[in-house]
Amino acid sequence: MIGAGVGAALLPSIARGQTPPAKGSVGFAIVGLGKLSLGQLVPGFRNCKKAYLAALVSGSEEKANRVAAEQKLPSRAIYNYADFDRIVADPGIEVVYIVLPNFMHAEYTIRALKAGKHVLCEKPMATTIEDGQRMIAAAKAANRHLMIAYRCHYEPMNLVGMRLLRSGKLGKPRIVVTDMGRQSDLSDPSDAWRLDMKKSGGGALTDMGVYGVNGARYLLNEEPTEVQAWSRTDRNDPRFKEVEDLYAWQFRFPSGAIANGSTSFSYAGTMSWHVMCENGKMTADPGCFYGGNRLTVTGNGVETPQITEIDQFAREMDWMADVVRGRAPMVSTAEEGVQDMRLMEAIMESAAKGGATVATNFGFRRPVDPAAVVDVPAA
Ligand code: NAD
């Protein structure tokens, strides 16, 4: 997985266990012990100040027992998918973090909300817009928070980039370019479901392309009004029996800015973005890795800022804890998740029509700009 190699070097290993949670911190149950959970999230709790790992939900008893022992969790904190709903009886679990394949997000989010828990759900929010809307309705009915895990909203380099654009020092942004993709591997179970249309909702586009769709929007802090897109897929490649491989798209924004994006499951790993402004430019390459992101700024006498690297997953989980405690506003809202799903559906529709223009003014406006509220650690 892109970023894993870079991030792994920067994050501690899983073996040391957690320190006892600070008073008032928020207990999380992690649902799904796959690559992201084991590689980043479970270890990430060690870097959290306000969130702690309270429970595990897994279909594998052996894996759950091993991780629980490493994290010094009691056996009563282990759940499986069948008895998951008994989390209702554990007041120590305040947030359920859904880290399952995309097609399972809606079911487990709704079950957690019905159990009275707040939910942090991985991107993409769901595999259909209808499921995304059902998740929002369930959160409203339960009067609980539902946040989508858009980690770049909490990552210092992306925040610095957003702030620099908002400052106007480089002039108006004219062109944004986002390229987010990697080589997929059908023999890896973690990729097998990503190459299944029903389970992923859209292959590379919903897995990696979503970072570019979301990224163009947070960089420009506006919403696109139309899109044109194209796809290219080699149907002789066994990976692409169902999903499309490469998409390229162009979003047009009310300010006059244009965002060109691409995604693929058959090109070399990249998560980069570039912004060309009237008087300068910014390159973030890598721009959305787990660690090691690099920003270069040129033009108008603006120097490339020094940025302090942090564990962005820990930061995101701490932010969710603050939202639950009423100490921070919700930034990556569920409505934002649906907006990206609508935009990705528009990309698929345009590509299916050979690049026809598809209107994308869905009436969504981001209530909170991450650049305005999420602080950046001092360099
Ligand atoms: P993964 O395949 O490695 O893990 C998924 C887990 O779900 C596995 O433990 C698997 O055993 C379990 N599972 C339960 N039922 C399953 C079923 N029917 N089919 C397949 N697996 C099943 O995936 P991952 O890479 O950990 O991704 C999980 C989620 O996290 C996805 O939604 C993905 O988009 C998201 N993700 C986000 C980031 C990020 O940077 N925010 C990075 C990676 C993944």
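Student: At what angle do helix H6 and helix H9 pack, and how far apart are their axes?

Tutor: Happy to start there, and do keep in mind that this is a predicted model. Two packed helices are described by the angle between their axes and the distance between those axes. Here, H6 covers residues 156–167 and H9 covers residues 203–220. They pack at an angle of about 40°, and their axes are 8 Å apart.

Student: Is Ser-184 buried or exposed?

Tutor: First find Ser-184 in the loop between strand S7 (173–183) and helix H7 (189–192). Leaving aside neighbours within four places in sequence, Ser-184 is in contact with Asp-191, Leu-195, Arg-239, Phe-240 and Phe-265. A residue counts as buried under 20% relative accessible area. Ser-184 has a value of 7%, so Ser-184 is buried.

Student: Is Lys-72 buried or exposed?

Tutor: Lys-72 lies in the loop between helix H3 (61–70) and strand S3 (78–79). Lys-72 also has a positive phi of about 60°, although it is not a glycine. The cut-off for exposed is over 50%. With a relative accessibility of 61%, Lys-72 counts as exposed.

Student: What is the phi of Asn-143?

Tutor: Most residues other than glycine have a negative phi. You can find Asn-143 in the loop between H5 and strand S6 (146–148), and at 63% relative accessibility this residue counts as exposed. Asn-143 is not a glycine, yet its phi is positive, at about 55°.

Student: Which residue does a cis peptide bond join to Pro-124?

Tutor: Most peptide bonds are trans. Pro-124 sits in the loop between strand S5 (118–121) and helix H5 (129–142). The cis bond there has an omega of about -20°, and the residue joined to Pro-124 is Lys-123.

Student: What is omega for the peptide bond from Asp-285 to Pro-286?

Tutor: Look for Pro-286 in the loop between strand S12 (281–284) and strand S13 (295–298). The bond from Asp-285 to Pro-286 is cis, and its omega is near 0°.

Technical notes
Residues are numbered from 1 along each chain as its sequence is written. This is a predicted model: local features need pLDDT of at least 70, side-chain atom pairs count only at pLDDT 80 or more; totals for chains, interfaces and linings use all residues. Side-chain values use heavy atoms; hydrogens and water are left out. Axes are lines fitted to C-alpha atoms, for helices over the stretch in contact, and angles run from 0 to 180 degrees between N-to-C directions. Helices (H or I, at least four residues) and strands (E, at least two) are DSSP runs, numbered from the N terminus. Buried means under 20% relative accessible area, exposed over 50%, partly exposed in between (1.4 Å probe, protein chains only). Contact means heavy atoms within 4.5 Å.
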